[in-house]
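Here is a short note for a colleague who is opening this structure for the first time. Please keep the viewer at hand while reading.

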Amino acid sequence: MKVLGIETSCDECAAAVVEDGRKVLSNVVATQIPFHAPYSGVVPEIASRKHTEWIYAVVKEALDKAGLEPKGIDAVAVTNRPGLLGSLLVGLSFAKAFAWARNIPFIAVDHMLAHLYAPRLALDDPPEYPFLGLLVSGGHSIICRADNFDNITVLGTTIDDAAGEAFDKVAKYYGFGYPGGAVIDRLAQSGDSGAFRFPLPNLHKGEHRCDVSYSGLKTAVINQLELFVRKRRGGETASGSAVPSWTRAQDIAASFQKTAVDILLRALFNAAGDTGLSTIVAGGGVAANSCLRACLVERKDLHCVFPPLEFCGDNGAMIAGIGYHYLARGERSPLSVTPSARVTGFKKKYP
Ligand code: KG4
Ligand code: ZN
């Protein structure tokens, strides 16, 4: 079954064709980063307008690259939750129209579950359920037990900011660039992660032992910038950055990144200990982080599976991939299905 997958939940306008949930025939991602970069964050109104302008061309390119006409598509899968409502609406409306016009099945899927599915697109030997999921993106940080592609139990989540959001906000305050995760990761390669000591949240015991928090770290890193500024008010700054030239931006990036990763790992390792699960599957934009990957690979007692970089960020292939499994079970969404900014219904809060 050849499934067209459409993803417009945030700032990537993406479409892909995947056969039988595994074989990626095409994967087109049109990023809006240059349009949001001047604002150091996603502007919802710009995002939905760009999706409206681009969606037709992106889907056409995905079909062309797969060597297919619309009639070669057997079903359509689309993200309808969670995300920016105005952005979700564009992909969802397009997907409905495509399915209705061609009279083919249509399924609306959860973006975060699709991130967890992403590694299965590339592996000959995908991990068996159950496993521990680490879902880390710009809007979510979720540690979960996955019993199937559509059955997760949330063990831990963030009590404030998401992991990717912390990277983006720190980068914004320091003027490092946008989006922050990739920029900080790159800067940190040549930095000293021990140069600054930033605090870990006090969540390692009791009901919060698998939860994470980023607001304290974010505030500490931002306060550090204010200290720099106060110390050398009016002094020179490194070009394009708010960090004074006498401080290495790389050291700030590396110290922040190491602490951000340690926060995730502490909760994740608590979850591994509590559940006895030793296979970890990572997904979402932050799963591209080189420090996170290196730290997890070091744990020889755990089997860590990461999606290839092209499937870490938002993409249509993961939507088509997970969509296939619902469709193969005979599930369909009604054309009346609506987008949803947030998701409810999981055991623990899934913000
Ligand atoms: O999954 P994703 O593409 O979109 C959402 O669903 O949110 O994740 C985007 C997030 C952004 O916050 C971005 O800064 C972060 O992933 N990110 C990274 C890296 N690459 C992207 N964070 C840390 N290290 C990276 N290498
Ligand atoms: Zn995402």
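Predicted model: local features only at pLDDT ≥ 70, side-chain atom pairs only at ≥ 80, totals over all residues.

1. The largest pocket. Start with the open space. The largest pocket has a volume of about 1600 Å³. Its lining counts 50 residues. Nearest the centre of this pocket lie C10, S137, G138, G139 and D168.

2. Which of them gives the largest share? That is α5, with 6 residues. By class, the lining of this pocket has 20 nonpolar, 18 polar and 12 charged residues.

3. How many cavities of 30 Å³ or more does a search of the whole structure find? The search finds 1. The volume of the largest cavity is about 40 Å³. Its lining is made by P201, L203, H204, R209, D211, V212, I263, R266, A267 and N270. Sorted by class, these are 5 nonpolar, 2 polar and 3 charged residues.

4. Helix α8 against helix α9. Now turn to α8 (residues 249-275) and α9 (residues 290-298). Their axes come within 9 Å and cross at roughly 45 degrees. The two helices are therefore oblique to each other. The crossing of α8 past α9 is right-handed.

5. Residues in that contact. From α8 come Q257, K258, V261, L264, L265, L268 and F269. They meet C291, L292, C295 and L296 of α9. The contact residues divide into 9 nonpolar, 1 polar and 1 charged.

6. Cis peptide bonds. Check two places. The bond from Y129 to P130 is cis, with omega near 0 degrees. P130 sits in the loop between α4 and β6 (131-136). The bond from Y178 to P179 is also cis, with omega near -5 degrees. P179 belongs to the loop between α5 and α6.

7. A positive phi. Look also at D20. What is its phi, although D20 is not a glycine? The value is positive, about 50 degrees. D20 is found in the loop between β2 (12-19) and β3.

Methods:
Residues numbered from 1 in each chain as written. Chains lettered and ligands numbered in written order. Heavy atoms only, no water. 1 Å grid on protein atoms, 1.4 Å probe; cavity = no way out; pocket = protein on both sides within 12 Å on 5 of 7 lines; lining within 4 Å. Points joined across faces, edges and corners; volume = space filled by probe spheres on them. Nonpolar A, V, L, I, M, F, W, Y, C, P; charged D, E, K, R; others polar. Axes fitted to C-alpha atoms, helices over the stretch in contact; angles between N-to-C directions. Helix = DSSP H or I, 4+ residues; strand = E, 2+ residues; numbered from the N terminus. Parallel < 35°, antiparallel > 145°, perpendicular 65-115°, else oblique. Left-handed = near helix turned anticlockwise from the far one by under 90°. Contact = heavy atoms within 4.5 Å.
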